[in-house]
Amino acid sequence: PGKTDEGLRVLAICSWTLGMLALDTLELIESRHPSRLNIVGLVTDDPVDSKARITAKKRFWRYYDKERQEEYEEGIVESALSFGIPCYTGEVKCDPVRNLLASWDPELIIVAAFGQLIDGPIIAYPPFGIFNVHPADLRHHHGAGPQPWEDLVARRAPTARVAIHSVTEEIDSGQVVGESP
């Protein structure tokens, strides 16, 4: 409702609570500045799909029962759909997603708490880049990879940071462009 085709075309590739925060923030910015930002789609994980190529052993959803997993994933999809954002759930390195990229034509991609590796064709697509919101202190080489929370616990870190970095084919190794205090 009320969406326009104006503004920077942004694709959100998000899951779980951090992904929901990122999507909520993008929706807030678009609602305040509809001529400046246009969320063209949401791609999200599907933790209950037994055919998905997502390693459940490395994902924090393993700590939740099936009901909670569905609640989190349905929540992000319902939020996007109620805002007028089309959604895709499931495997990302496949022809349907490549076709959606061509259709949605994002100029920028924001990733947050996404459980799959993103490949070169997706990384290379948006002219303004692809950036990941990652809950770790990547500038000081802490918490890279799929288990940043375990790194915090192992280091007994008294605080946590959130980094924004460019996405490369090597996990959490892109240039850090921003970080929380």
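This is a predicted model: local features need pLDDT of at least 70, side-chain atom pairs count only at pLDDT 80 or more; totals for chains, interfaces and linings use all residues.
Local features need pLDDT of at least 70 and side-chain atom pairs count only at pLDDT 80 or more, while totals for chains, interfaces and linings use all residues. Residues are numbered from 1 along each chain as its sequence is written, and side-chain values use heavy atoms, with hydrogens and water left out.

An open sheet of 7 strands has mixed pairing. Its order is S3-S2-S1-S4-S5-S6-S7. Strands (E, at least two residues) and helices (H or I, at least four) are DSSP runs, numbered from the N terminus. Two strands pair if DSSP finds at least two bridges between them. Strand S3 (87-89) and strand S7 (176-179) are the edge strands, and each pairs on one side only. On average, neighbouring strands of the sheet are turned by 20 degrees against each other, direction ignored; the axes are lines fitted to C-alpha atoms, and angles run from 0 to 180 degrees between N-to-C directions.

Strands S1 (residues 8-14) and S2 (residues 37-44) run parallel, joined by 6 bridges. Ile-13 has Val-43 in S2 as its bridge partner.

The largest nonpolar core has 22 residues. Such a core is a set of buried Ala, Val, Leu, Ile, Met, Phe, Trp, Tyr and Cys residues joined through side-chain atoms within 4.5 Å; buried means under 20% relative accessible area (1.4 Å probe, protein chains only). Helix H1 (16-32) supplies at least two residues of this core, as does helix H2 (66-82). The largest share, 5 residues, comes from H1. Leu-23 is among the residues with the most contacts inside the core. Leu-23 touches residues including Leu-42, Ile-76 and Ile-85, not counting residues up to four places away in sequence; contact means heavy atoms within 4.5 Å. A second, separate core of 18 residues includes Leu-11, Ile-109, Ile-122 and Ile-130.

Conventions: Buried means under 20% relative accessible area, exposed over 50%, partly exposed in between (1.4 Å probe, protein chains only).
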